[in-house]
Amino acid sequence: MATKSSAAFTTVFLVVCLCMTSSILVQANLFVLNTLHGGIQAVLLDEICAWVILRKLQTTGVTSKMETRYRKSISTLDAHLVLRASIKEQRRNLVLVEARLYNAAGDLCTEALGQTSRDVFIESTACDMGNSLNLNRIK
C-alpha cells in the first residue's frame, strides 16, 4: 500500500562547493581533463538521497539500488554544484528518492532514482544517529 506524505512533495536543496586541491585536480586530469568523475557524482546523489530520508522521515536506511543517468559532463572548474532530491514514493519499508545534480549554470547533468530500505536500524540506533547530528535543532 503506497502512502503519501508532505515529505513526498518537499524538495531539499543542497549546494556543494567544490574545493579541490591541486593534487586531486591533477589526478582527475589524468582521466578526462577537468571533468568530475561519474563515481563522485553517484556518491553525491546517494548522499543527498540519504539526507532526504533522514530529515523528512526521521529515520535511516540503506541504499539497495540506484539507477544513475549521466546526461552532461560536469567541469571541476565550476564554482559550485546543486543537488536536489525528493521522495517520490513510499511502500512499506522501501522509499524511492529521485535526485538530480546540476552544474553551476543550472543545467541538469546527472539524475538518479534510488531505492532505500528504511528502518533497517533499530529505532534507538536511528534516534542516536539523528541526535548526534542535532536534527531536532534544525527542524
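R92 is exposed, with a relative accessible area of 73%; exposed means over 50% relative accessible area, buried under 20%, and partly exposed in between, with a 1.4 Å probe and protein chains only. The model is a predicted one, in which local features need pLDDT of at least 70, side-chain atom pairs count only at pLDDT 80 or more, and totals for chains, interfaces and linings use all residues. Residues are numbered from 1 along each chain as its sequence is written, and side-chain values use heavy atoms, with hydrogens and water left out.

**The chain as a whole**

- The protein chain contains four helices and five strands; these are DSSP runs numbered from the N terminus, with helices (H or I) of at least four residues and strands (E) of at least two.
- Along the sequence, their order is β-α-α-β-β-β-β-α-α.
- Of the 139 residues in the protein chain, 33% are buried.
- Among contacts with a separation of 6 or more, 70% are between residues 24 or more positions apart; a contact means heavy atoms within 4.5 Å.
- The protein chain exposes about 8500 Å², and carbon and sulfur atoms supply 56% of that area; accessible areas come from the Shrake-Rupley method with a 1.4 Å probe, and for residues only the protein chains shown count as cover.

- R92 is located in the loop between β3 (80–91) and β4 (94–102).
- Although R92 and S117 are 25 residues apart in sequence, their C-alpha atoms are 9.1 Å apart in space.
- S117, in β5, stands opposite L94.

**Strand β5 and its partners**

- Strand β5 (residues 108–118) has nine buried residues out of 11, so the strand is largely enclosed by the rest of the structure.
- Strand β2 (residues 61–70) pairs with β5 in the antiparallel sense over nine bridges; two strands pair if DSSP finds at least two bridges between them.
- T116 in β5 is the bridge partner of T63.
- β4 and β5 also run antiparallel and are joined by nine bridges.
- The hairpin of β4 and β5 has five residues between the strands, and G106 there takes a positive phi near 90°.
- In a regular strand, side chains alternate between the two faces of the sheet.

**A charge over a ring**

- R84 lies over the face of Y102, at 4.9 Å from the ring centre; a charge sits over a ring if NZ of Lys or CZ of Arg is within 6 Å of the ring centre and within 35 degrees of the ring normal.
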